Each structure stands twice: as C-alpha cells, then as structure tokens.
Amino acid sequence: MLDINFIRQNSEEVKKGVAAKNVNPQLVDDFLVLDNEWRELVKETDDLRAEQKKLSEERKINEAKELKNKIQNLEERLKQVETERQKILYQLPNLPLEDVPVGKNESEDIVLREVGEKLSFDFEPKDYLELAEKLDLIDIKRASKVSGSRFGYLKNQAALLEFALIKLALDTAAKHGFTPIIPPVMIKEEMMKGMGYIQSSMLDEEVYFLRDDDLVLVGTSEQSLGPMHSDEIFEEKDLPKRYVAFSTCFRREAGSYGKDTKGILRVHQFDKIEMFIFSLPENSLKEHLLMLKIEEELMRELGIPYRVVQLCTGDIAQPSASTYDIEAWLPGQNNGKGQYRETHSTSNCTDFQARRLNIRYKPLKPKTQNLKPNYVHTLNGTAFAIGRMLIAIIENYQQKDGSVLMPKVLQKYLGFKKIE
RNA sequence: GGAAGGUUGGCAGAGUGGUCUAAUGCGCCGCACUUGAAAUGCGGUUGAGGAGAAAUCCUCUCGGAGGUUCGAAUCCUCCACCUUCCGCCA
C-alpha cells in the first residue's frame, strides 16, 4: 500500500511509477477524486458527531435523536466511498526505485554480470531428469499417479541433498546474523493480502485456498514471515531483524499451462530456504545488496555458473520497488546447448508491505525531538529453492558415465562425493 | 468435537448505561532537589484520521464485526484468539 499523503502531494510522480509497472495510471486520478469526496464526508460526519455528543451530554434527547439519523445516513455514504477508495489503493503497485530500468517485460531486464566458468563437456550434457531417473533420484511417474501433474518424489541421494543444501544455507545466513525459523505454511487470507500478493482475482488463480478453514497455503515463506510482526513496533536498536526460513511452498501455476511441464522445474509443491529482513528505511538498499551478496556467495560456493539480472519496472512484482534475480546456468537444457534459468530472486519492498501490515519502529530520538513511529522496510530473498538447485547441481556436475559429482562444499554434509 | 472461564493503555490491574477526555500500581521520559546516584516531589507517557498558515480544535480507538440506546469498556448477536478440563492424536 502506498502512502496516501504521498499520492496526494506527488500525483504525477505516482502516475509515472504506476505506469512503469504496467498498471493504468488513470487509477491514480480515480483515487484522488474519491479521496476528496472521502475527506469532505469525514469532516461533515465528524462535525455532526461532535454536535450530537454535546447535545447528548446536555440531555437534549430529542435534538440528539434527530442528528442520529443524519449521521447514520452520512456514515453509510462514507463507508461506500471509503471502500471504493481502498479498493483502488490496494490496486496501486509499489513504485520502482530510481535506479530500476524502465521496461515493459522481462525482455528489457538488464544482465549485470556473469559469474563462474561454464564447463565445456567433452560429451553432450544431458538433461537433469534423464540423469536423475537413471540414478533413481527423482520419480515423476509415480508422483503423477499419486498426485497428478507437477509433482515429484525426491529419492535417495536427492533427498539427502535437500538436507545438505538446507544446512549450507542456514549456516551461511547465520554468519550474517539471520535467525533460523520454520514458519506456518497455512496463513489467513488477510495476511496474504497484506503482503500485496492477492489482488482479488489472483486468489483463485495462484493460491491454494482451504475454504473450510479460511486459510491459504503460502507460495513462499515470505508471506508467513512478513505478517509475523504485523501491528508491532520495533525499537530502532532491534533493527535490522533478519530471518532465514525453511518452508514448503505451494503454487497452483494456473497461469502457466503448458509451460515447463516436464520434471521438477515448475511444480505445485517445493521446499525453499528464504531470507527476510525488517530494516530501517535508510538501510534497506544496503540490506538488499547484502542478500544479493549472500545469494552469490552460495552459488559460488556450489561452483555453479550464474548471472545476475536486474529486473525492469514491468517485470517486478506488485509489492517490490527493486528486484534482482540470479539465473543459474543449466548446461543440459535447450537440447544440450545450455540455458540460464531463475533460481533466486531478491526484492526490496520498501514500506509497501509494512504500511499495510502496520509494522513500525520507534526511532532513537534526540531528547528534544519527539519522533513518531515510522514504517520499516521489508525485504526478501531466496537462499535456495531446493528443486531448482538440484537441477543445477545435477546438470553442472554430471560426468560422462552418467554419474554426478557432489560440490565440495556439500560433501561434509553429505558424507559422499558422488552419485552413481 | 464437547464444557467452562477469559481478552482493558509498554506491563499488571480496577471499572456492569451518563465528567471513562479509563482509577491505582509498576515501567519509561522530562524537570526539581543532590557533588553524583538512590530516595522523594511535580509533570508527561496508546495509536490513527480530519480541519487549519499556525496556535489549536474535532473524530475514532477498551480482541474484531454488527446491533440496542439521545448516550456503550459496560447490554445483545456473531466471529477470532487465549487458558483449563474431557475426547482424539504426533
């Protein structure tokens, strides 16, 4: 949610930002019209209420009675206008930061750097699924028998690899002051909305809804971590608050029929280690870069070639003001020619989520000033999306004989060096 | 799933229809006293919204949403959460 005062005072700037994110800027004007009407109605009802209160205290019961009806009518109108205004406000996306490249879609994203050496194989690199099925690591066929499409069983060393990756991610994040946490994966619908991920229609398309219990399954633990501190006020000295969470993630993938249907690249259920930070506003750029740094550190430690992509305005999600993706090099894709695929994403959501969730901090105040609580900034970033990391490891570490070496950094967690 | 009890400001805790603009205590902040501290005294201490150039004024906020009433922390309805007991289960 954007700052109402900011919209009032900087409508042109807001329109520009909204348009850059592919949302109709007309919404801003619609909002301002309703906001004006709302303010007039608030003034009118507040004044009448004050008068009625006075009459009531003076026991002028009949006069107060008359006012009561008037107020009730006004309140009804006020509520309507307020609802309309709120609806538009929730549709407005977070504004992109200044350094975010303007663009329509992913084709205008900017590759910042490529890191790591792509191995040249003296054989044709295979697709991870072919390798994994031979080594009995992934079973898609039985998963589809049991659960339908877009599911998979991870077996044998693949299952062990998941735990090794989890441990590596937790250990690395711990070095940077992250608190490990396992959050609920079922949350209230309103919390999901607070995170800016549900615009009314999206609920049915992307999110699993447990209608009997009014709960939704999270698509990422970010949705469970942000609301954790809703309606709370941090002390400035307690910020930044950094969490690293393990959770299963659930996605309906309704909008991606026919896309990536093979294997475990895009599935309805996968496990992910996610970082989440509550930060002082003035430090959120720094915290964002810290998460990107950790993501790159993890990729380098695993020895997987990757590139860092800065998403353009049209490609970043509704609540985000700035997003970087990391795409891992997958040599077995694209018929053995190789392809970059997204494995990590980190976003600075500035105060967009915090405002809606009402998460603030009390500034350390110089004695003379009495500063009010202010909204924190929230940031999120992938440490490991397990399925996609398995793919990257298997394809990059495959051997001519179909076996797969293990990245050195994982060997101490695994107790074996090779899958064959 | 069944039964009972509860939810009040940073915390504890009073308050069962009209100065509740919520007692009292603790904590916290400021000031005074003091060499300094403690103790003591005085004052302040939820949050949000609106009007105004400002001083300031007004409205809302006692778990949430409705309702009754001229008037609700207080009465009614529904919901959420917490505690205890029973049942079931990891």
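Figure 1. R59 is found in the loop between α3 and α4. The model shown here and in the other views is predicted. Phi of R59 is near 55°. This is a positive value, and R59 is a residue other than glycine.

**Figure 2. The pair of helices α3 and α4.** Helix α3 covers residues 26–57 and helix α4 covers residues 61–91. Their axes come within 8 Å of each other and cross at roughly 155°. Angles over 145 degrees count as roughly antiparallel, and α3 and α4 are therefore roughly antiparallel to each other. The handedness of the crossing of α3 and α4 is left-handed. Sorted by class, the residues in the contact of α3 with α4 are 16 nonpolar, four polar and 14 charged.

**Figure 3. The two domains of chain A.** Chain A is divided into domain 1, residues 4–89, and domain 2, residues 106–419. Taken over C-alpha atoms, the centres of domain 1 and domain 2 are separated by 40 Å.

**Figure 4. The second largest pocket.** The volume of the second largest pocket is about 590 Å³. Its lining is made up of 20 residues, and the closest to the pocket centre are F6, E13, L95, P96 and L97. Helix α2, residues 11–20, gives the most to this lining, with four residues. By class, the lining of the second largest pocket holds nine nonpolar, five polar and six charged residues. Both domain 1 (4–89) and domain 2 (106–419) give residues to the lining, so the second largest pocket lies between them.

**Figure 5. The crossing of helices α7 and α11.** Helix α7 runs over residues 156–175, and helix α11 over residues 284–302. The axes of α7 and α11 come within 11 Å and cross at roughly 135°. That angle makes α7 oblique to α11. The crossing in which α7 passes α11 is right-handed.

Figure 6. The peptide bond that runs from L239 to P240 is cis, and its omega is near 0°. P240 lies in the loop between two strands, β8 (233–235) and β9 (241–250).

Key: Residues numbered from 1 in each chain as written. Chains lettered and ligands numbered in written order. Predicted model: local features only at pLDDT ≥ 70, side-chain atom pairs only at ≥ 80, totals over all residues. Heavy atoms only, no water. 1 Å grid on protein atoms, 1.4 Å probe; cavity = no way out; pocket = protein on both sides within 12 Å on 5 of 7 lines; lining within 4 Å. Points joined across faces, edges and corners; volume = space filled by probe spheres on them. Nonpolar A, V, L, I, M, F, W, Y, C, P; charged D, E, K, R; others polar. Domains from an automatic or database assignment. Axes fitted to C-alpha atoms, helices over the stretch in contact; angles between N-to-C directions. Parallel < 35°, antiparallel > 145°, perpendicular 65-115°, else oblique. Left-handed = near helix turned anticlockwise from the far one by under 90°.
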